[in-house]
Amino acid sequence: MKPYCRDTWVEVDLDAIRANVQTFRQHLPATTGIMAVVKADGYGHGSVQVAKEALLAGADTLAVAFLDEAIVLRQAGIEAPILVLGYTPVDSVEVASHRRVELTAYSEEWVFQAEQRLQDAACPPVGIHIKTDTGMGRLGVRTADELLSVVEALERSSKLAWTGIFTHFACADEADTTHVRRQHDTFQSFLQVLRDAGKTLPKVHCCNTAAAIAFPEWGYDTIRLGIGLYGLYPSSYMKEQAAVRLHPALSLKTRIAHVKVAAEPFTVSYGATYTAQPGERIATLPIGYADGYSRLLSNRGAVLVKGSRAPIVGRVCMDQIMVRIEQGSAQVDDEVVLYGKQGNEEISLDEVAALIGTINYEVPCMLNHRIPRVYVRQGKEIAVVHLLSEKNVPV
Ligand code: UAH
């Protein structure tokens, strides 16, 4: 029996995840590792399954945005090194120690407070990567003095160990490389400051997907592979360049719940923004904006039915949408592809992102826990994760 009742699901092709890791493995110097970025529940694909597949395929470490995301991975039995890329409140450092999760730091004050917190705790030292802000304006030390003060605070600590240094690029996916080159120059000068001060460099990393594609020679000890892991390009410019071939891993599917043929004109959905004309066939699909299928697709998006595009008509509702299908063929229970391929047609996440005025990153992240994730290898379903049923804890 299926572990979910609803006929709407996300399909994640683990072979695609594997192929994408291998593509980057070949693209990079042999000495550069791959840190699989599985924050935001693996960009909506499911962090545990993606992490496991990426590690099998050649990634050696993992990254998440915050500590709770790392704990999910540890609870699933994943032993690989994990780095938290974002801010961690000092009152959680003991948890990080027990879970063997590395943290990011960028201020002497934070290091001091974290050290205090761990003073009496019988726990292993927490690995710390120092973040440098070279032009993102988000987190990170901005001057050589700040950098040295954090390094020296870590060196004085018996509870925190300096294990990495990194930066994050703001414009690595653009044709104009001025900003990314300036950021890289600044990063290099930070590394030189450390060498000049007689420090031995720990793990060094700066490349996200875009920089790893465009500047594989900047790989240092590891890249942080996010969007490329999922088979998506960081920008349309990078997609056009096609310096590496990526395989999208995610499809969004549903089945037709109802079909009606207009005998006379009738309006469709809230606001009556579409009127079906006599002879038109309108199918109702069980998915809506409460699943993370954007309401901005109202009267704009399309789905694939029997290998052809069927336009969305009327407004996207909370749990349902309506599409106009061609004469004859489709009926209740037929499979519909909202994102992904069917026959020779494809609705890419890039296309959806452009329609709703965002980037491809956001589109899978929007798909929430109402939708089961079905994992497929060599065309066969091998696992299903449905957080909605797992969250049904008795009260
Ligand atoms: C610090 C940091 C991030 O916030 C994100 C990533 C991954 O970026 P891509 O998805 O563009 O590869 C790396 N590092």
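These questions and answers cover the ligand site and the domains of a predicted model.

Trainee: Where does the ligand sit?
Mentor: Start with the residues around the ligand, which include Tyr43, Leu85, Arg138 and Tyr361. The place asked for is the largest pocket.

Trainee: How many charged residues does the shell around the ligand have?
Mentor: Lys39, Lys131, Arg138 and Arg224 are among the residues around the ligand. By class, the shell also has four nonpolar and four polar residues. The charged count is four.

Trainee: How much of the ligand's accessible area does the protein cover?
Mentor: Take the ligand on its own, with 370 Å² of accessible area.

Trainee: How far apart are the C-alpha centres of domain 1 and domain 2?
Mentor: The domain assignment gives domain 1 as 31-229 and domain 2 as 250-389. Their C-alpha centres are separated by 38 Å.

Trainee: How many residues of domain 2 are in contact with domain 1?
Mentor: Contact here means heavy atoms within 4.5 Å. On the domain 1 side, nine residues take part. On the domain 2 side, the count is ten.

Notes
Residues numbered from 1 in each chain as written. Predicted model: local features only at pLDDT ≥ 70, side-chain atom pairs only at ≥ 80, totals over all residues. Heavy atoms only, no water. Near = heavy atom within 4 Å. Areas by Shrake-Rupley, 256 points an atom, 1.4 Å probe, with all protein chains shown as cover. 1 Å grid on protein atoms, 1.4 Å probe; cavity = no way out; pocket = protein on both sides within 12 Å on 5 of 7 lines; lining within 4 Å. Sits in = over half its atoms within 2 Å of the grid points. Nonpolar A, V, L, I, M, F, W, Y, C, P; charged D, E, K, R; others polar. Domains from an automatic or database assignment.
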